[in-house]
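My entries follow in the order of looking.

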Amino acid sequence: MTLKEIEALTLRMLQNLNLFKLPINVLKFAELIGVKVKMNDFGDDVSGFLVTKNNQNLIGINPSESKQRQRFTIAHELGHFMLHAQNRNKDLMFISKVHFRDNNSTTGENQKEIEANAFAAALLMPKPILQLELDNLPNNISEEEAITILAKRFQVSSIAMTYRIERLGLFN
Ligand SMILES: [Zn+2]
């Protein structure tokens with residue numbers, strides 16, 4: 001799926017599920033599409049996972065990470081669910097390691113990881129809302145201050161917000 005299609009898909013789903021408001025409720029999103037989310041202590045180098053087995057869909061989240069990271073991990077795994085797990089005849093498992101998502105270098109990431117990250121960013125930081133929030137910021141603040149305010153409003157990490165804004169080319 002192209003990045004454009006992923007943007008359109010997340011927007012459509014947020015609107016259809018009546019979740020198109022800040023901060024995006026990823027837990028509700030998961031619940032409404034039939035995915036369970038559980039805290040799961042599985043060691044420090046894993047952020048989360050998605051398992052789909054016998055029509056049961058489960059996302060496990062590392063409770064030792066920040067709330068913002070947990071939200072991003074849930075959104076990332078939801079991306080795998082929506083984009084890569086739709087063939088229900090097959091049991092699937094995706095595991096997300098800590099740190100690779102916030103890495104600017106996408107070289108070495110496979111296509112599915114890139115798509116899941118794009119889905120997560122689009123889901124948590126929908127472009128139309130982000131554009132509006134950016135426009136409504138006072139224009140005498142620095143980019144850094146803007147990022148801090150927006151990250152808080154969208155409940156994402158500053159790194160994720162910076163990356164999203166750069167990707168969309170919203171800072172000139
Ligand atoms: Zn992944």
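I began at Pro23, which lies in the loop between helix 1 and helix 2 (26–32). I took helices as DSSP runs of H or I with at least four residues and strands as runs of E with at least two, numbered from the N terminus. The peptide bond from Leu22 to Pro23 is cis, and its omega is near -20 degrees.

I note the basis here: this is a predicted model, in which local features need pLDDT of at least 70 and side-chain atom pairs count only at pLDDT 80 or more, while totals for chains, interfaces and linings use all residues. Residues are numbered from 1 along each chain as its sequence is written.

Next I checked positive phi values. Asn55, a residue other than glycine, has phi near 65 degrees. Asn55 sits in the loop between strand 2 (46–53) and strand 3 (56–61). For burial I counted other C-beta atoms, placed from the backbone, within 10 Å of a residue's own: 20 or more is buried, 12 or fewer is exposed, and in between is partly exposed. Asn55 is exposed because its count is 8.

Gln155 is not a glycine either, and its phi is positive at about 50 degrees. I found Gln155 in the loop between helix 6 and helix 7. Its 17 C-beta neighbours inside 10 Å make Gln155 partly exposed.

I then looked at the helices on both sides of that loop. Helix 6 (residues 143–154) and helix 7 have axes 9 Å apart and pack at about 105 degrees. Axes here are lines fitted to C-alpha atoms, for helices over the stretch in contact, and angles run from 0 to 180 degrees between N-to-C directions. Helix 6 and helix 7 are therefore roughly perpendicular; the classes are roughly parallel under 35 degrees, roughly antiparallel over 145, roughly perpendicular from 65 to 115, and oblique for the rest. Ile147, Thr148, Leu150, Ala151 and Phe154 in helix 6 meet Ser158, Met161 and Thr162 in helix 7, a contact being C-beta atoms, placed from the backbone, within 7 Å. By class, this contact has five nonpolar, three polar and no charged residues. Nonpolar covers Ala, Val, Leu, Ile, Met, Phe, Trp, Tyr, Cys and Pro, charged covers Asp, Glu, Lys and Arg, and polar covers the others, Gly among them.

Is Thr162 buried or exposed? I found it buried, because 20 other C-beta atoms lie within 10 Å. Thr162 belongs to helix 7 (residues 158–168). Thr162 and Leu150 are 12 residues apart in sequence, with their C-alpha atoms 9.5 Å apart.

Helix 4 came next. The axes of helix 3 (residues 67–84) and helix 4 (residues 111–124) come within 7 Å and cross at roughly 120 degrees, so I logged the pair as oblique. The residues of this contact divide into 10 nonpolar, five polar and three charged. Helix 1 (residues 3–16) and helix 4 cross at roughly 40 degrees, with axes that come within 9 Å. In helix 1, Leu3, Ile6, Glu7 and Thr10 meet Glu115, Ala118, Phe119, Ala122 and Leu123 of helix 4.

Last, I recorded the whole chain. I listed seven helices and four strands, in the order α-α-β-β-β-α-β-α-α-α-α. Of the 172 residues, 34% count as buried. The C-alpha atoms fill a box of roughly 55 × 35 × 30 Å along the principal axes.

Terms used: Two residues are in contact if their C-beta atoms, placed from the backbone, lie within 7 Å.
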